[in-house]
Amino acid sequence: MGAPDVSIVIPVYNEEGIISASLSDLREKLQDVDFTYEIIVAENGSTDATVRIAEDFSTRHPEVRVMSIGEPNYGKALRRGILEARGKYVICDEIDLCDVDFYRVAMEKLREDDYDLVVGSKRAPGARDRRPAYRRMATQVLNGMLRVATGFKGTDTHGLKAFERSKVLHVVEACVVDRDMFASELVVRAHRDDRVKWCEVPIDLVEKRPPSVHLFRRVPNVLKNMVRLTSVIRFGRDLK
Ligand SMILES: Nc1nc2c(ncn2[C@@H]2O[C@H](COP(=O)(O)OP(=O)(O)OP(=O)(O)O)[C@@H](O)[C@H]2O)c(=O)[nH]1
Ligand SMILES: [Mg+2]
């Protein structure tokens with residue numbers, strides 16, 4: 001199989017309940033897109049049947065690749081998926097979203113309007129965020145902290161992203177934090193890089209299920225990595 005136009009990278013952790021249906025649904029929705037693709041399932045740390053189900057799916061559908069490495073770590077999995085992507089373009093998605101409408105809009109911006117990075121924002125004008133209020137608030141707090149700490153000027157860093165791999169790879173390689181904050185570091189760094197032409201597009205966020213890891217359990221790590229990110233971005237010093 002030759003290199004596809006697009007690599008869709010989906011970090012996955014303990015998703016035995018939805019992974020098979022989500023991937024089937026995604027393949028179906030991708031039937032009439034005008035690009036070739038591979039789907040990279042970037043798993044780590046699952047303790048349920050996720051890996052077995054994903055590998056089984058991949059045996060039946062060779063355009064789906066599964067990588068499975070080490071302890072649970074969203075950022076590490078996403079980074080590894082991007083590094084191993086073979087497509088000219090990379091789309092980062094989540095297994096509970098699989099938003100092909102975003103793929104279409106983003107690919108047009110990348111191919112026709114010459115953007116390097118398109119961020120799907122659940123907070124941009126025209127966006128709709130159907131998650132519960134406390135999670136919308138958490139997104140707002142995180143963005144507020146990123147604005148103050150790093151000078152971030154956009155409206156969202158988590159979730160859907162699409163980019164031309166060769167134009168953004170140096171940004172991915174420069175990132176130092178992992179876990180939840182990797183996605184934020186990637187977007188913040190790209191915004192600060194004059195070589196990267198970026199834009200946001202509004203999305204309509206509908207999750208197929210509540211998150212697998214409870215919001216409050218993620219807070220200590222997010223705060224720790226926020227401090228590290230601030231130091232790296234503001235002062236060029238990594239506190240690791
Ligand atoms: N590989 C990997 N994937 C993860 C991990 N934690 C979450 N994911 C995946 O990341 C995606 C988003 O996770 P969710 O549980 O929906 O969390 P969320 O709060 O909606 O995520 P955000 O959009 O980042 O705020 C899903 O595809 C999860 O399976 C992890 O530790 N490792
Ligand atoms: Mg989610």
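Hi everyone, let me start on the surface, where Tyr134, Phe216, Val219 and Leu223 make up a nonpolar patch with about 380 Å² of accessible area together. Before going on, please keep in mind that this is a predicted model. Helix 8 gives the largest share of that nonpolar patch, three residues. Tyrosine 134 sits in helix 5, residues 133–150. With a relative accessible area of 40%, tyrosine 134 is partly exposed.

Aspartate 113 is found in the loop between helix 4 (100–111) and strand 5 (117–121), and its relative accessible area of 34% makes it partly exposed. Aspartate 114 is in the loop between helix 4 and strand 5, and it is exposed, at 52% relative accessible area.

Now a backbone point for those of you who like torsions. Most residues other than glycine have a negative phi. Aspartate 114, although not a glycine, has a positive phi of about 65°. Asparagine 14 also has a positive value, with phi near 45°. You will find asparagine 14 in the loop between strand 1 (6–12) and helix 1 (19–29), partly exposed at a relative accessible area of 22%.

Is aspartate 96 buried or exposed? Aspartate 96 counts as buried, because its relative accessibility is 3%, under the 20% cut-off. Glutamate 207 is partly exposed, with a relative accessible area of 23%.

Glutamate 207 comes up again in the salt bridges. Its side chain meets that of arginine 135 in a salt bridge, 2.7 Å from N to O. Arginine 135 lies in helix 5 and glutamate 207 in the loop between strand 9 and helix 8, so this pair ties together parts that are 72 residues apart in sequence. Arginine 135 counts as buried, at 9% relative accessibility.

How many salt bridges are there? The count comes to 24. Let me show you a few others. Aspartate 25 pairs with lysine 29, and their closest N and O atoms are 3.6 Å apart. Because these residues are four apart in helix 1, about one helical turn separates them. Aspartate 25 is partly exposed at 30% relative accessibility, and lysine 29 is partly exposed with a relative accessible area of 31%.

Another salt bridge joins aspartate 238 and arginine 228, with the closest N and O atoms 2.8 Å apart. Here aspartate 238 is in the segment after helix 8 and arginine 228 is in helix 8, ten residues apart. Aspartate 238 is partly exposed, at 38% relative accessible area, whereas arginine 228 counts as buried at 14%.

Finally, there is a network of salt bridges that links Glu38, Arg65, Arg80, Glu84 and Arg86. The C-alpha atom of glutamate 38 is 8.5 Å from that of proline 62, 24 residues away along the chain. Proline 62 lies in the loop between helix 2 (50–60) and strand 3 (64–68), and it counts as exposed at 59% relative accessibility. Thanks, everyone!

How values were computed:
Residues are numbered from 1 along each chain as its sequence is written. Chains are lettered from A and ligands numbered from 1 in the order in which they are written. This is a predicted model: local features need pLDDT of at least 70, side-chain atom pairs count only at pLDDT 80 or more; totals for chains, interfaces and linings use all residues. Side-chain values use heavy atoms; hydrogens and water are left out. Helices (H or I, at least four residues) and strands (E, at least two) are DSSP runs, numbered from the N terminus. Buried means under 20% relative accessible area, exposed over 50%, partly exposed in between (1.4 Å probe, protein chains only). Patches are made of residues with over 30% relative accessible area and no salt bridge: like charges are joined within 9 Å, nonpolar side chains (Val, Leu, Ile, Met, Phe, Trp, Tyr) within 5 Å. Accessible areas come from the Shrake-Rupley method with a 1.4 Å probe; for residues, only the protein chains shown count as cover. A salt bridge is a side-chain nitrogen of Lys or Arg within 4 Å of a carboxyl oxygen of Asp or Glu.
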